[in-house]
Amino acid sequence: MRRPAFRRSRGDGPFRFLSTASGIVLLVIMAAIGVFLVVKAIPALQANTSHFLTELTWNPNATQPVFGIGALAFGTLISSFIALIIATPVAVGVALFISHYAPRRLASALGYLVDLLAAVPSVVYGLWGVAFLVPFMLSPSSFLNKYFAWIPIFGGDQVVGKSMLTASLVLAIMILPIIAAISREVFLQAPRIQEEAALALGATRWEMIRMAVLPFGRPGVITAALLGLGRAMGETIAVALIFPATFTISFRILSANGNSIAANIANGFGEATPIGRGALIASGLVLFLITLLVNTAARLVIARRKEYARAAA
């Protein structure tokens, strides 16, 4: 099918040039970041005396540098996935309430509040987590450890406030506005005719949402969750203030275990030697590639749905 012919104006040429140039500049910046990380990381990787991807020790400032991202990558992925599991159901519920349940004035106010939460600096979340959430989590963590220790993740002999669970809760609160805002916009785009048809056939509001809204919005919700996951994995200051900063691999999320690539960079960059800075940059390169893969996966999910692919094209 041929596209309809549009009347050209004088501004079409400059606008097309600026749009194309902006896209090219963005690609150049991404490539420059990747090249910079690779160039700065190579000397440290050559000086490393252990396997970078599997080593658990992090001591790049030693005479014989020994460092690896095994524990850091584990902590990054586990804390981010726990945050995603906590945040996604709540965010979807908030989005559905704003889009299909709340009165118009209340929906507008809640939508504005959700957008405002996404703009709060991460250091504020981190300070709130340290001052309030860390001492507050001692009691719930002790309860989980006492009655649910038979579940491996809640086991352990030591329960602390600065744990992976606390860091994951802070990350969940940080990514919740992103997932909720995107999901809300997706639910509002659901075909109105299908919603009205479901209601005309006698469906309740929840049945209408389950049959007409959720199937349509599923790819958008998945995409929102993946974008939130990318945000969680790249978060630095908030988790740097809360993580115990250990270099061990443990599934016990209530104990003093856990660290992440971003938090380790924030904590160690100031006192690092040249080799140490190169090691931190190498870990940043791994995080850069992981987040790039996550965002690519989100794009592929959008491309599978014609309605979203047409809007994104």
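A search of the whole of this predicted model finds eight aromatic pairs. I shall begin with the pair formed by Phe74 and Phe251. The centres of these two rings are 5.1 Å apart and their planes stand at 90°, so the pair is edge-to-face. Phe74 belongs to helix H2, residues 70-101, whereas Phe251 sits in the loop between helix H9 (237-242) and helix H10 (261-268); the pair therefore ties together parts that are 177 residues apart in sequence. Is Phe74 buried or exposed? Its relative accessible area is 14%, and because buried means under 20%, Phe74 counts as buried.

A second pair, Phe132 with Phe136, is stacked, with 5.4 Å from centre to centre and 15° between the planes. Both residues lie in helix H4, residues 122-136, and they are four residues apart, about one turn of the helix. Phe132 is partly exposed at 41% relative accessibility, and Phe136 is also partly exposed, at 46%.

I turn now to the nonpolar cores. Which residues touch the most other members of the largest core? That core has 59 residues, and the ones in question are Trp58, Val170, Ile175, Ile179 and Ile253. Helix H6, residues 164-188, gives the most to this core, contributing 12 residues. A second, separate core has 12 residues, among them Val92, Leu96, Phe187 and Ala190.

Apart from its neighbours within four places in sequence, Ile175 is in contact with Ala83, Leu84, Ala87, Gly228, Arg231 and Ala232. Arg231 in that list is located in helix H8, residues 205-234. With a relative accessible area of 25%, Arg231 is partly exposed. Setting aside neighbours within four places in sequence, the contacts of Arg231 are Ser122, Met174, Ile175 and Ile178. Met174 and Arg231 are 57 residues apart along the chain, and 8.5 Å separates their C-alpha atoms.

Next, helix H1. This helix runs over residues 12-47 and has 36 residues; from its first C-alpha to its last it reaches 54 Å, close to the 52 Å expected at 1.5 Å a residue. Where does H1 bend? The bend is at Ala41 and amounts to about 35°, with a proline, Pro43, following within four residues. Ala41 is also one of the buried residues of H1, together with Gly34, Leu37 and Ala44. Strand E2 (66-67) and helix H11 (274-303) are included in what covers those buried residues.

Finally, the annotations. The unreviewed UniProt entry places "domain: ABC transmembrane type-1" at residues 73-298. In the model, the chain over residues 73-298 is 76% helix and 0% strand, and its end C-alpha atoms are 21 Å apart. Residues 65-98 are 85% helix and 6% strand, with end C-alpha atoms 53 Å apart. Residues 275-298 are 100% helix and 0% strand, and here the end C-alpha atoms lie 35 Å apart.

Technical notes: Residues numbered from 1 in each chain as written. Predicted model: local features only at pLDDT ≥ 70, side-chain atom pairs only at ≥ 80, totals over all residues. Heavy atoms only, no water. Helix = DSSP H or I, 4+ residues; strand = E, 2+ residues; numbered from the N terminus. Expected span 1.5 Å × (residues − 1). Bend = angle between axes of the 7 residues up to and from the residue. Buried < 20%, exposed > 50% of the residue type's maximum accessible area, 1.4 Å probe, protein only. Contact = heavy atoms within 4.5 Å. UniProt positions renumbered as here; feature names shortened; annotations may be inferred. Phe/Tyr/Trp six-rings, centres within 6.5 Å; stacked < 30°, edge-to-face > 60°. Core = buried A, V, L, I, M, F, W, Y, C linked by side-chain atoms within 4.5 Å.
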